[in-house]
Amino acid sequence: MSSNVVVVGAQWGDEGKGRIVDWLAEKADIVARYNGGHNAGHTLVVDGKTYKLALIPSGVVRGKLGVIGNGVAVDPEALLAEIGRLSDLGVKVTPEVLQIAETATLVLPIHRAIDAAQEQLRTGATGSAIGTTLRGIGPAYEDKIGRRGLRICDLADPERLSAKLDLLLAHHNAWFRGLGLTPFEKAPMLEGLLKLAPQVLPFVGRVWETLDKAHTAGKRTVFEGSQAVMLDIDWGTYPYVTSSCTIAAGAASGTGIAPSLLGSVLGVSKVYATRVGGGPFASELHGDLGEKLRERGGEYGVNTGRPRRCGWLDTVQLRQSVKVAGIDMLALTKLDVLDGFDEIFICTGYELDGKQTDYISASDDEQQRLQPVLKRFDAWTGSTRSVRSWDALPNEAKALINAIQTEVGIPVAMITTGQERDDAIVLRSPF
């Protein structure tokens, strides 16, 4: 077994990755975020207390060192607000337990305005917005790729910060004026950043060096991904995707660790499927069944409160995620949500224009036309809530899990059966 584990969302996000990272963090020394921003929420429930995380790595609740890699987009206002909320819950986030990569991209107020304007443009042009969280993450990554972005290290150099803001505003204000929108002023943005800088800079360091030293010393690192494979900028259901690399390869490029040191890859999937925002969802359920899944699973966004679209588990999608993301084993979450259903289905194939297919095509138009081929399973009576051993599961639940393993082609390492930290069945360790 490896000393490191990468945790990847295997569906469209919201699979319960934070919960799994928290479980792994008990045996780890470091938890490293490698992509995304505060558009991704992770929820932990420990002894009845709920922790809602966005930027902060999940391991800090256990007192482990958390690092935010260069692949993450950091909104300094959101970061400091989250540190304050955790402090109110008794978790003190200091530079001793949190390090931020000096080259991480900054999310600025102007990025939120761009995000909102771009969604309005998409709606007007195509009638369908992507459904972003409007937190400015995508536009911040656009600036990064466009080589005009601001980085965490720029906060330490006011003169350079000012000059880079000039370049960024010259680009975006031309766009705002073209749309008839009010351009952004430099002075308030610069003043706000300089005010935040002394609070953020104590956390800044060379994450790549920290991780390299940890590996040399034989320490264990959990790499915590946000969003999921089907939201990856390259491998997701484009254009209804996020703006970063969500797969295991992103853990290397997003933190500075060598790819050969990443270790095993644990994919996280619910035993059903959910999606937020627009985009194709072949196994989506409408009507009463979809609403039942939503209510029983509490399927509302951690940070946004948006209701999630719900449907049956799609094993075709999972197989594709396993292959492109290099997933070795699965953690299945929320088994107890299926308690009380009359029957359960999983999607094992698709029909596209009357023909059988076993993959998600690259074409957005074809993705929208996919029809699920469903396989029925007997439901179980009684409750699986808080069950913590395989033998105690109903035979029907075991049959469902075994079928998922067979369809996807990799073993299940863990099954969660409730909200509490210990409501889980552990079948094998990724370490």
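Predicted model: local features only at pLDDT ≥ 70, side-chain atom pairs only at ≥ 80, totals over all residues.
Residues are numbered from 1 along each chain as its sequence is written, and side-chain values use heavy atoms, without hydrogens and water.

Strand β18, residues 412–416, pairs with β19 in the antiparallel sense over 3 bridges. Strands here are DSSP E runs of at least two residues, helices H or I runs of at least four, both numbered from the N terminus; pairing takes at least two DSSP bridges.

The open sheet has 10 strands, ordered β9-β7-β5-β2-β10-β1-β11-β14-β18-β19, with mixed pairing. β9 (204–205) and β19 (424–426) each have a single partner strand, so one side of each is left without a neighbour in the sheet.

Now the core. The largest nonpolar core has 67 residues, and Val 6, Phe 223 and Leu 338 touch the most other members. Such a core is a set of buried Ala, Val, Leu, Ile, Met, Phe, Trp, Tyr and Cys residues joined through side-chain atoms within 4.5 Å; buried means under 20% relative accessible area with a 1.4 Å probe, protein chains only. Beyond four places in sequence, the contacts of Phe 223 include Val 6, Tyr 34 and Leu 262, contact meaning heavy atoms within 4.5 Å. Apart from that core lies another, of 41 residues, Leu 161 among them.

How values were computed:
Buried < 20%, exposed > 50% of the residue type's maximum accessible area, 1.4 Å probe, protein only.
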